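Subject: Structure handover and notes

Dear colleague,

Please read the two side by side.

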Amino acid sequence: MTLLPNFAATAESIHELRNNANSLIETIKTTFNTGIERELRTFSSSEVAEFTGIPHPTIKKKSKDSATTGYPPGIVNPSNGYRQFSLDDIIQIVEIEGRLPKNGCFILTITNFKGGSAKSTVTIHCAQREALKGKRVLVVDLDPQGSLTSLFGYTPDTDISDAETARDWLSGTSDALPVKPTYWSNIDLIPSNLGLYAAEFALSNRVDDDEDYEFFEILELGLSELKDQYDVIIIDTPPALSYLTTNALYAADGVLVPLQAGMLDFSSVAQFLSLLASTAETFGEEQSWAMFRFVVTRFSGTDNEVLAGEWIHKMFGNRVLTNPFPETTAIRGASTELATLYEVDQRNPDKSRRLDPRTYKRARKGVDAVMAEISDSIEAAQAKRAKDTQALMVKRSESAAHV
Ligand SMILES: Nc1ncnc2c1ncn2[C@@H]1O[C@H](COP(=O)(O)OP(=O)(O)OP(=O)(O)O)[C@@H](O)[C@H]1O
Ligand SMILES: [Mg+2]
């Protein structure tokens with residue numbers, strides 16, 4: 001008689017599996033150099049033009065005349081004269097050109113209670129795209145799964161202590177939200193790990209003790225202390241309308257809902273919206289979002305998806321971004337190395353680390369289009385908010401003058 005394999009498990013064997021998983025993650029990080037010390041690639045002048053909106057010829061000319069223009073010269077490829085720029089070079093160029101709108105910090109929450117709708121993927125590409133525009137970005141990982149934290153090279157389980165997450169601030173036991181730098185010089189991170197779950201319980205206990213306790217205001221209170229230091233704050237949320245997510249929604253100036261074009265996703269979004277509406281009611285009349293939009297994600301263009309996409313557009317109109325986020329092996333390939341499409345180095349001397357050039361190009365085009373739309377939407381909402389605030393101030397001073 002052949003012996004059946006034994007798949008029984010105890011707490012101890014599960015521990016062992018967890019240790020195996022963590023040591024494999026460390027090996028991958030060492031092999032691909034994707035830990036927190038990884039070096040960010042450089043960017044071509046045409047990429048810089050695309051990210052910043054500065055005309056390509058201007059960038060080429062001014063970097064060539066760096067002595068008189070103050071532009072960084074970049075790194076010149078001697079064989080063709082093309083220049084490559086680091087992220088810090090981009091930040092310097094944007095500063096020289098005075099390109100950044102000064103309309104205050106904008107908090108964008110990316111949320112949907114459907115798991116796997118690409119919340120974290122959209123969050124990180126959006127954060128990096130904003131950073132490549134020269135903005136100062138804070139990313140808040142509010143999901144105890146810590147996917148976003150992993151994408152920044154940290155292993156949530158071993159590199160991040162519970163006190164480095166938002167846990168203590170949300171539980172009322174610390175006096176500030178903890179912020180960590182990342183290998184992107186203009187992106188900071190409030191990381192996450194499983195310990196963040198404790199905040200969920202702490203918030204719920206406070207509500208049990210005092211039903212008037214406004215648990216949803218806590219994150220906003222913490223972020224308001226940090227707002228001066230950033231142009232955008234982007235919050236990734238867990239796949240649940242939890243106490244954590246509710247905090248992220250209350251703190252938000254804008255909400256972006258990633259949504260797959262599938263029947264199940266479509267019916268779940270209706271439930272999500274009804275929960276969201278009742279949550280928003282508890283926030284009080286003063287609360288509103290300057291932007292509330294949907295993005296179709298993981299879109300591979302099958303007939304069914306095209307049809308579902310049409311329904312989504314019909315249902316939510318121009319709140320839905322025009323461009324879907326494409327499903328692509330380039331994202332899967334990049335995320336194997338805990339990287340994004342903006343980080344993959346297609347000039348890597350090790351060709352096995354590059355992605356198929358045509359797939360990469362197509363994926364970048366699709367993702368760039370979505371990210372540009374998100375960025376425009378944020379800036380339009382920021383500009384409108386600034387205008388409304390100014391109009392309100394004028395009105396107030398006029399009525400004060402009448403008294
Ligand atoms: N456009 C895409 N093309 C290919 N794979 C993708 C794409 N978007 C996301 N994925 C993959 O799908 C998986 C789920 O994506 P992601 O983690 O962004 O979803 P999520 O909504 O944050 O999930 P969760 O609800 O668990 O937080 C990941 O493995 C990610 O790499
Ligand atoms: Mg996620």
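Before the helices are described, one convention is needed: the expected span of a helix is 1.5 Å times one less than its number of residues, and helices (H or I, at least four residues) and strands (E, at least two) are DSSP runs, numbered from the N terminus. This is a predicted model, in which local features need pLDDT of at least 70 and side-chain atom pairs count only at pLDDT 80 or more, while totals for chains, interfaces and linings use all residues. Residues are numbered from 1 along each chain as its sequence is written, and chains are lettered from A and ligands numbered from 1 in the order in which they are written.

Helix H1 (residues 11-32) has 22 residues and spans 32 Å from its first C-alpha to its last, close to the 32 Å expected at 1.5 Å a residue. After H1 comes Asn33, with a positive phi near 50°. Burial is judged here by counting other C-beta atoms, placed from the backbone, within 10 Å of a residue's own: 20 or more make it buried, 12 or fewer exposed, and anything in between partly exposed. On that count H1 is hardly covered, with one buried residue among its 22. Asn22, which lies in H1, counts as partly exposed because it has 13 C-beta neighbours inside 10 Å. Two residues are in contact if their C-beta atoms, placed from the backbone, lie within 7 Å, and, leaving aside neighbours within four places in sequence, Asn22 is in contact with Thr155, Asp157 and Thr158. Although Asn22 and Thr155 are 133 residues apart along the chain, their C-alpha atoms are separated by 8.0 Å.

Turning to the ligand, a residue is near a molecule or strand if its C-beta atom, placed from the backbone, lies within 6 Å of it. There are 19 residues around ligand 1, of which Lys119, Ser120, Thr121, Pro239 and Ile331 come nearest. Helix H6 (119-132) and helix H15 (329-336) are the elements that give two or more residues to this shell. Sorted by class, the shell around ligand 1 holds five nonpolar, nine polar and five charged residues, where Ala, Val, Leu, Ile, Met, Phe, Trp, Tyr, Cys and Pro count as nonpolar, Asp, Glu, Lys and Arg as charged, and the others, Gly among them, as polar.

H15 also meets another helix. Its axis and that of helix H16 (residues 357-402) come within 8 Å and cross at roughly 100°; axes are lines fitted to C-alpha atoms, for helices over the stretch in contact, and angles run from 0 to 180 degrees between N-to-C directions. H15 and H16 are therefore roughly perpendicular to each other, given that angles under 35 degrees count as roughly parallel, over 145 as roughly antiparallel, 65 to 115 as roughly perpendicular and the rest as oblique. In this contact Thr329, Ala330 and Ile331 of H15 meet Thr359, Tyr360 and Ala363 of H16, and by class it has four nonpolar, two polar and no charged residues.

Ile234, in strand S8 (residues 232-236), is buried, with 28 other C-beta atoms within 10 Å, and beyond its neighbours within four places in sequence its contacts include Thr123, Val137 and Val139. Ile234 and Thr123 are 111 residues apart along the chain, yet their C-alpha atoms are separated by 6.9 Å. Val137, in strand S5 (residues 137-141), counts as buried because it has 23 C-beta neighbours inside 10 Å.

Helix H12 (residues 243-251) has nine of its nine residues buried, so it is largely enclosed by the rest of the structure.

Finally, some backbone angles. Most residues other than glycine have a negative phi. Ala118, in the loop between strand S4 (106-110) and H6, has a positive phi near 80°, and Ala118 is buried, with 22 other C-beta atoms within 10 Å. Arg298, in the loop between strand S10 (291-297) and H14, has a positive phi near 50° and counts as buried with 21 C-beta neighbours inside 10 Å.

With best wishes
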